[in-house]
Every structure is written in C-alpha cells, then in structure tokens.
Amino acid sequence: MFPEINRMRKTSTYISVFRGLNRTANTGFSRISSNTSAVFSEFSDMENLCGDDYPKLRTRKKRYKTEGAEIVSNLLIADSRLIYMTGNQRMMVGNESVDFSTYYIAGAHRLTQYGNRVVVMPEKVMLDLSTKEIESIEFTQEKQGVGSSTLNVALYNSGNYARLTRKFRDFSIEKVELDDSGAPRRVNYIYENAAGLEDLFKQTNPGNDTSTEEGVAEDWQEDYFQHWNTIPVGETVEAQGERPSGVYRCTEIIRGSDNTIDGVHYLTNKNIRKFVKIENYYVKISRTQTAPAEGAEPQNLFDGLKKGDWVKISGMEHSVRTPLVIQSNQAPTPPTYWADVDGEPSGTPDYPKGFWGNYLEVLNENTFKVYYVGNDFIVIKANIEKSVPYTGPMKIERVMPAVDSGKMLEVNNRLWACSSAANEVYSCKQGDCTNWQAYGDGISTDSFAATVGCEGEFTGIARQNDSVIFFKENWIIKLFGNKPSNFALSTYNVLGVDQGSEKSVVWLNGALFYLSHMGVCQYAPGSQPVVISERAFGNEKYRNGVAGRHRNKYMISAQNESGEWELFAFDTDNGLWHKEDNTHMADCVTYNNVLYYVDGDTGALVSCDEDNHLLTNGVVENDFDWSFETPNLYEDDFGKKYISKIQFAVKAAEDAAATVYAQFKHGGAWFEIKRLHYLRRQHSLTGIPVRRADYLRLRVEGHGEMEISGIQIDFARGSDKVWQF
C-alpha cells in the first residue's frame with residue numbers, strides 16, 4: 001500500500017477583542033497560534049477610532065461645532081451656560097455679553113469659578129453671575145495730604161495751665177472708640193489731661209495762685225471749662241498730655257444749681273462732666289475728599305472696601321506740617337513747640353523728636369483689619385501713642401499676591417494659588433476671595449501662605465478629594481489639613497506636571513491624570529504617580545498638553561516632537577488608548593459628562609457629542625476619514641504557517657467606504673488590495689485575499705461611520721521557504 005500524503009492543515013483565528021493603540025514593538029495584533037481560537041488585537045497606528053463599543057472597534061462620534069471666535073481665556077460652565085472671555089474685551093455668559101473694557105488687560109486670561117462669581121485674572125476682578133456687576137479683588141487709595149477733620153484743641157502745660165485754643169485744618173490719624181453699632185464716636189477735642197477734670201474746679205486752686213479769690217475760677221479755668229462743657233454724654237475726648245494719650249468717654253453730667261454738687265465745692269456752679277477711660281481704642285484714618293461738583297453726591301473714597309477687610313498701609317513719612325503759628329512763649333522753660341512756628345508747610349517740622357509718638361513705626365508697611373468704613377475714613381486697630389495731624393503721603397491698599405497665571409482653583413470655599421517667583425503657595429480668607437492677608441485674627445477662616453522647600457517653577461495645581469495638589473516638573477506638593485492652624489505641606493520627589501502642560505491635569509474616576517515629561521501619569525490618593533501612556537505613545541515625547549474629561553475618558557491634546565498636535569483618548573474603564581485626530585485643543589471643560597473645547601486653529605467651540613450639548617448656531621461635522629494600521633501579522637508564533645485570507649465583519653453606514661492596503665516587506669510600499677463601498681446601512685463579512693509572504697501589515701483607510709466587530713484570519717502550514725514580494 002502506498003503511503004498516504006498528509007493533507008495541508010488549514011486553521012482560522014477569529015479576533016473579536018480590539019484593544020486600541022500600541023506603538024511599541026510589542027503590538028499584540030499578531031499573537032496567533034494553532035491552539036488559539038480567539039485573541040485580542042492592538043494597532044500600531046489609528047485615527048478617529050474609539051472604544052465606545054468595546055470590545056468592538058468603531059469610528060468616534062461626530063462633533064458639534066460653532067463658528068470660530070477669538071476666545072482668550074479658559075472655558076467655564078455655570079448655570080448650564082458656557083463662560084469665556086473674548087478678544088473684543090467682553091465676557092460671554094451663555095448668549096449674554098458683559099462689557100469688560102474698563103478692566104481688560106490684553107493677553108491670555110484665567111477664569112475661576114468661586115461660588116456665584118467668576119474670578120478673572122490678570123485683571124484681579126470678579127463678576128457676579130446674578131447681577132453681572134464687576135468688583136475688584138484689590139483696592140488702592142493713594143494720596144498726598146490726607147485728612148479732613150476740623151478739631152478744637154485746648155493745650156496747657158502742667159504747673160502753668162496756660163491755655164491755647166487752635167484748629168487743626170488737616171487731622172487724619174486719631175484714636176477713637178466704637179459705639180454699639182460699630183461706628184466710631186466723635187472725637188472733636190484734644191486736651192493735655194482729661195483724668196481728674198473735676199479736680200481743676202474744686203475749691204483748691206490748682207495753680208496755687210494766692211491772688212485769686214478762693215471759690216472763684218480764674219479766666220483760663222473758665223475758658224478751659226467752656227470747651228469741656230460742650231461735650232455731650234457719649235462723646236469721647238483724647239488727653240494728649242498723657243503718654244501714651246488716653247481716650248475718655250463722657251458718661252455723666254453732674255448737675256447742680258450752685259457751687260456745691262453732691263456735697264463737693266467747685267469753682268463753678270455749672271454742670272460738671274464725668275469721664276471713663278477707654279482701654280480698647282481704635283484708630284480712625286481720614287482722607288481729604290475732593291469737593292464734588294455742584295449738585296453731585298460726595299465722593300466715596302473708600303468704595304470697594306468693607307468691614308472685615310485687611311489693608312496694607314505704606315508710603316508714609318514723618319509729616320506734620322500744619323501752619324498754626326501757635327506761640328510758645330506762654331509755655332514754661334524750656335519752651336515746647338506745638339506746631340510749625342514758621343507757618344511753612346515745607347521743611348522740617350518744629351516739633352521735638354518723638355513728639356507725635358510712634359505712629360509712623362506702627363502704621364507704615366504693616367497690615368491691619370478694617371473695623372468700619374465711611375465715605376472718607378476707615379477704622380483700624382493699632383497701638384499708636386497719640387492722635388496725629390498727619391498731612392503727608394499715604395497708600396492704603398487691599399492686595400492680592402502676584403500669583404502664577406493659570407494656576408488657581410477653589411477648594412473648600414477658598415481660592416488657592418501659587419507664585420513661582422516667591423516659591424510660595426496661598427489661600428484667600430475662607431468665604432472671601434478679596435482678602436489674601438487676613439492672618440491676624442487667628443481663626444479657622446484666616447488666609448494662609450507658606451514657602452515651598454523644593455526647587456523649580458510651579459507647573460500645575462489640582463484638587464484631590466479635599467486636598468490641594470501643587471505640581472512642579474519633578475515634585476508634588478500636597479496640602480493636608482482643614483484650617484490654617486493645621487495646614488501642612490508634604491513634598492514628594494516624583495513625576496510632576498510637565499512645564500507648559502498645566503491644563504492637562506484632570507480628576508477622573510478617583511485619580512488625577514496629567515502629562516509629565518515621561519508621558520501621561522495616573523496619580524491616585526495614597527499611591528505614587530504611574531506612567532500609563534508608554535504603549536500608546538511609544539518612543540514619542542509630547543508637550544503642552546491640554547486635557548479634559550469626556551464621560552469615562554481622559555482626552556488629551558498635545559504636541560509631538562515634530563510640533564504637530566494629536567488628540568488621544570484614554571478609557572479609564574478598560575485602560576485603552578485611542579487616537580482620534582490632529583485636533584489642537586486650546587482649552588476645554590466638561591458638563592454633564594460631555595467635553596467642550598476651543599479649537600486652537602479655528603477658534604470654534606466644539607462639543608464631543610453631536611446629540612447632547614449646550615451649543616447653539618452650530619452644525620454637526622461631516623463624515624470624516626478614519627484609519628488603522630496593524631503590525632506585522634507574521635511576527636509571532638507562525639513558524640511555517642502563512643496567511644491565505646482575511647475577513648472583516650463590518651457594520652457600515654450608508655455611503656461609507658474603505659480601502660485596504662497591504663505591506664509585504666518591512667519599510668516597503670503599500671499596495672491597494674481591496675476597495676469597499678456601502679450604498680446602504682448594512683452588515684457584511686468581507687474577504688480580503690492576500691499574497692503568500694513572511695511579512696504582512698494591513699492598513700485600512702475609510703470614510704464615514706463604520707464598526708468592525710471581528711477579523712478572521714485563515715492560515716495554513718507551508719514550507720520553510722522564505723517568501724519575498
């Protein structure tokens with residue numbers, strides 16, 4: 001019997017799991033063996049494909065696009081409205097336009113939502129979304145020659161009691177007491193001594209002048225008394241004869257019809273005032289108000305400040321130049337000069353050194369809390385020695401730190417920011433983004449600032465649960481705590497955000513995703529950042545990443561080493577990467593799980609979902625091109641096998657088309673081997689015949705909506721001969 005010739009064994013492998021992009025040398029499309037019935041596949045390159053119907057491979061959804069506009073800020077969404085700044089000095093809140101020309105600074109802008117307000121940088125203003133009113137975060141009032149009060153002054157020297165009465169024309173810094181409503185009481189009188197006032201009018205002559213009839217007040221005493229006698233109950237006086245001066249409130253009027261009041265004999269039969277010393281005093285700083293035009297309302301010099309603000313006072317110099325020409329010859333020897341004796345507003349004041357106390361050292365270049373705001377004055381808390389008729393320059397400002405552009409966010413009702421120049425991180429006062437220097441109260445709502453110990457510029461900021469994360473290229477700085485007293489910064493020397501990719505930081509499914517100089521990292525709480533893009537990016541390095549969230553996908557647009565933009569999608573549910581196209585996202589935002597972005601090339605606003613979006617007056621994009629490319633199908637496990645036929649299970653939309661190309665030699669030409677055109681929506685199993693070879697790569701280029709549910713590869717055992725094409 002003749003021996004039986006073995007029939008050539010033919011086998012098929014059906015690929016039904018498509019696992020996205022893999023640009024490394026280990027692309028998993030060709031892992032086929034004789035014992036394999038179903039394997040997964042990966043692609044060495046692709047465009048406009050997605051894993052929305054995983055494990056199937058399909059074209060991405062169409063986008064909805066508006067016409068291009070000059071958008072010069074990031075995007076926000078509040079109250080179901082898109083918010084952004086335009087190059088024509090306006091802010092768009094949905095379809096409503098808000099004029100920003102008064103504040104507008106040319107260049108890129110950063111918008112941050114804070115409650116019902118939008119904070120705008122670098123202008124340092126905020127827009128109320130309800131009223132559309134714009135308020136400045138900072139406040140500055142700077143002027144030369146401050147003060148507006150007119151004060152009666154009665155001065156006398158102990159032992160001589162010589163009385164001089166003059167008026168200070170410009171009085172700007174004075175000690176005051178606050179009433180029950182928080183407003184400052186009037187202080188219209190300054191005396192050398194207020195303590196024991198009634199003793200000046202008792203039967204004993206304070207001056208020991210024996211020429212004065214007992215029981216009769218001297219002329220100076222009567223005149224002096226007239227000033228005190230005009231002070232009503234509740235008003236305050238300051239005794240500058242004390243050091244430091246004291247503030248006294250008139251609490252009672254002792255009334256009598258003769259020289260005896262409550263059994264005590266006085267030099268006068270007029271009513272006597274009693275005073276109580278105020279230990280907890282405040283300081284009132286007045287400003288000169290320009291005379292308003294006829295019929296106009298008085299100017300509010302401190303419009304923009306409010307009770308509770310913290311202000312910095314600076315620019316002061318020793319300046320008390322009130323031309324009063326008060327004579328000094330009535331004073332005891334050596335004479336004491338109470339004002340400029342030459343009457344000139346310029347030059348060195350003729351006061352003894354330190355006469356006006358420590359007002360300059362206490363106030364200048366320091367920060368204070370505001371306890372009351374009037375039209376032309378504020379009230380602060382400061383320990384000055386005495387009130388001062390100050391007439392020099394003064395700058396009062398509520399300031400915000402010079403923070404890095406694009407690195408600000410809201411966490412726990414605070415705005416957080418950082419400064420690369422100062423290497424510091426900051427938080428505003430809780431619930432008040434206008435105050436960044438509120439440190440003095442020592443309470444949980446205070447502002448916060450801290451210096452960071454690691455080197456380099458800040459490259460990003462993010463929220464991770466209730467923690468604030470600050471990034472540098474090789475550092476992560478994490479803030480712990482819930483109030484300034486227990487805030488603490490922990491520093492980790494790990495992969496941070498790449499310089500220029502601050503917009504790539506996205507919180508998604510319990511982890512932060514961002515572009516580092518090694519690729520896209522995933523950073524979950526309690527763990528180290530892990531690079532997750534090695535397979536998708538291969539050896540390519542990307543920079544200037546801009547990313548957002550679309551449903552469960554991390555969408556990132558970045559520049560490759562050639563400067564070209566590429567848009568990738570990472571599905572966090574199945575860990576797959578897909579490349580969509582060469583879109584340049586300038587900025588993006590997510591609302592209702594839909595990603596909206598600004599096209600950096602056209603300025604168009606784009607929604608990644610054609611059916612669910614907030615945009616109006618736009619159009620759905622036309623059918624687009626797509627493609628995918630396999631690695632070498634003979635790379636693994638084939639041995640003496642060769643591929644005889646490939647079949648695609650396709651679900652195509654009407655008028656969709658595709659062309660199949662094959663490459664039979666590494667680096668060789670691509671040959672067209674099949675064209676497909678679908679006149680109607682249909683399912684089909686399309687066979688692709690291929691030549692016998694030991695190297696085979698496929699590239700499919702299509703147009704229109706299409707889904708591939710499977711690829712069947714038929715192969716048979718062949719000889720050891722090496723085939724060349």
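A nonpolar core is a set of buried Ala, Val, Leu, Ile, Met, Phe, Trp, Tyr and Cys residues joined through side-chain atoms within 4.5 Å. In this predicted model, the largest such core has 53 residues. Those with the most contacts inside it are Tyr 554, Trp 577, Phe 628, Ile 643, Ile 646, Phe 648 and Leu 696. Apart from it lies another core, made up of 30 residues, including Val 283, Phe 302, Trp 356 and Ile 380.

Aromatic rings come next. The structure holds 23 aromatic pairs. In one of them, the ring centres of Phe 18 and Phe 43 are 6.1 Å apart and the planes meet at 15°, so the pair is stacked, given that planes under 30 degrees apart count as such. Phe 18 belongs to strand β1 (residues 10-21) and Phe 43 to strand β2 (residues 38-43), so this pair ties together parts that are 25 residues apart in sequence. Are these two residues buried or exposed? Buried means under 20% relative accessible area; Phe 18, at 1%, therefore counts as buried, and Phe 43 is buried with a value of 0%. Elsewhere, ring pairs link Phe 513, Phe 537, Tyr 542, Tyr 554, Phe 568, Phe 570 and Trp 577 into a cluster. Tyr 554 and Trp 577 have already been met among the residues with the most contacts in the largest core.

Some rings also have a charged partner. Arg 60 lies over the face of Phe 624, 4.0 Å from the ring centre. Likewise, the charged end of Lys 381 is placed over the ring of Tyr 282, at 4.2 Å from its centre.

Turning to the strands, β7, β8, β9 and β10 form an open sheet in the order β7-β8-β9-β10, with antiparallel pairing. β7 (76-78) and β10 (96-99) each have a single partner strand and stand at the edges, so one side of each is left without a neighbour in the sheet. From one strand to the next, the twist averages 25°. Three bridges join β7 to the antiparallel strand β8 (residues 81-86), where Ile 83 is the bridge partner of Leu 76.

Further along, strand β12 (residues 117-121) has antiparallel partners in both β11 and β13. Five bridges connect β12 to β11 (residues 110-114), with Arg 110 opposite Met 121. This hairpin has two residues between its strands, and Gly 115 in the turn has a positive phi of about 65°. Four bridges connect β12 to β13 (residues 125-128), and here Val 118 stands opposite Leu 127. Three residues separate the strands of this second hairpin, where Lys 124 in the turn has a positive phi of about 60°. Strand β12 is mostly covered, with four of its five residues buried.

Definitions and conventions: Residues numbered from 1 in each chain as written. Predicted model: local features only at pLDDT ≥ 70, side-chain atom pairs only at ≥ 80, totals over all residues. Heavy atoms only, no water. Pairing = 2+ DSSP bridges. Axes fitted to C-alpha atoms, helices over the stretch in contact; angles between N-to-C directions. Buried < 20%, exposed > 50% of the residue type's maximum accessible area, 1.4 Å probe, protein only. Phe/Tyr/Trp six-rings, centres within 6.5 Å; stacked < 30°, edge-to-face > 60°. Lys NZ or Arg CZ within 6 Å of the ring centre and 35° of its normal.
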